[in-house]
Amino acid sequence: MTTSTPWEDWDHVLKIDPDKELPEGVTYGDLCATGTDAIEIGGTMGITEENMADVIEACAEHDVPLYQEPSSPDVVLRDDALEGYLIPTVLNAGSPFWITGAHKEWVRLDGDFDWERTTTEAYIVMNPEADVATYTEADCDLDADDVAAYATVAERMFGQEIVYVEYSGTFGDEEIVEAAGEATTESTLFYGGGIHDYDSARTMAQYADVVVVGDLAHDEGVEAVRKTVEGASDA
């Protein structure tokens with residue numbers, strides 16, 4: 001019998017980067033009140049225990065599920081305010097380190113790993129200009145068939161609950177996201193990248209189960225995020 005997961009019921013996730021400032025006058029409480037289904041706290045560069053802790057503390061008093069997406073083991077926080085940890089594994093990384101190597105080191109060094117609250121996200125990184133692509137040396141030269149095959153491997157071979165098509169910083173190819181959606185029947189498909197208004201959120205929510213919004217919160221603020229929540233919900 002398949003156990004249900006929280007993200008099966010989500011439409012929208014707001015990703016907050018602790019290394020980035022919020023627009024003037026915007027608080028974390030304002031962002032928590034946009035209607036997003038969950039908040040994921042994480043980023044690729046400049047992440048520390050201190051700035052992670054600040055964001056978690058600021059969001060914890062609001063009624064929205066909080067998840068940490070740590071970029072490395074040294075910024076993982078044991079905090080009861082967190083629902084859990086979403087750990088990226090980059091399927092198309094140029095080095096095995098970002099597929100399983102970093103994870104092996106984490107487990108080796110952490111004798112008290114919180115398995116009950118830990119879920120991996122099978123990333124397929126698609127924007128070669130993004131920090132995450134550079135960081136992981138990802139092969140982003142993939143067509144729809146390639147991405148569908150990666151999504152199938154994630155779901156069928158590795159049993160991943162979350163498959164994440166990541167175009168970080170740019171709006172993705174609808175055909176490719178659609179192919180990933182058609183390839184996944186049990187995994188929850190996340191899409192992130194270039195979601196900036198109602199229409200872009202609704203477009204990608206036609207193919208992905210969950211739309212992830214990140215930079216918009218830091219660049220535009222509350223109303224822009226709220227419009228993407230509406231678009232994701234209406235698809």
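Tutor: Let us start with accessibility: a residue is buried under 20% relative accessible area, exposed over 50%, and partly exposed in between (1.4 Å probe, protein chains only). The model is predicted, so local features need pLDDT of at least 70 and side-chain atom pairs count only at pLDDT 80 or more, while totals for chains, interfaces and linings use all residues. Residues are numbered from 1 along each chain as its sequence is written, and side-chain values use heavy atoms, with hydrogens and water left out.

Student: What is a salt bridge, and how many salt bridges does the count come to?

Tutor: The term denotes a side-chain nitrogen of Lys or Arg within 4 Å of a carboxyl oxygen of Asp or Glu. The count by this rule is 9 salt bridges.

Student: Where do E223 and R226 lie?

Tutor: Helices are DSSP runs (H or I, at least four residues), numbered from the N terminus. E223 and R226 are 3 residues apart in helix α9 (residues 222–234), about one helical turn. Their side chains form a salt bridge at 2.5 Å, N to O. E223 is exposed at 52% relative accessible area, whereas R226 is partly exposed at 24%.

Student: Which residue meets K227 in a salt bridge?

Tutor: The partner is E230, at 3.9 Å from N to O. Both lie in helix α9, 3 residues apart. E230 is partly exposed at 34%, as is K227 at 42%.

Student: Which residues are joined into one network?

Tutor: Salt bridges with shared partners link K104, E105 and R108. Between K104 and E105, the closest N and O atoms are 2.5 Å apart. K104 is partly exposed at 49%, and E105 is partly exposed at 22%.

How values were computed: Helix = DSSP H or I, 4+ residues; strand = E, 2+ residues; numbered from the N terminus.
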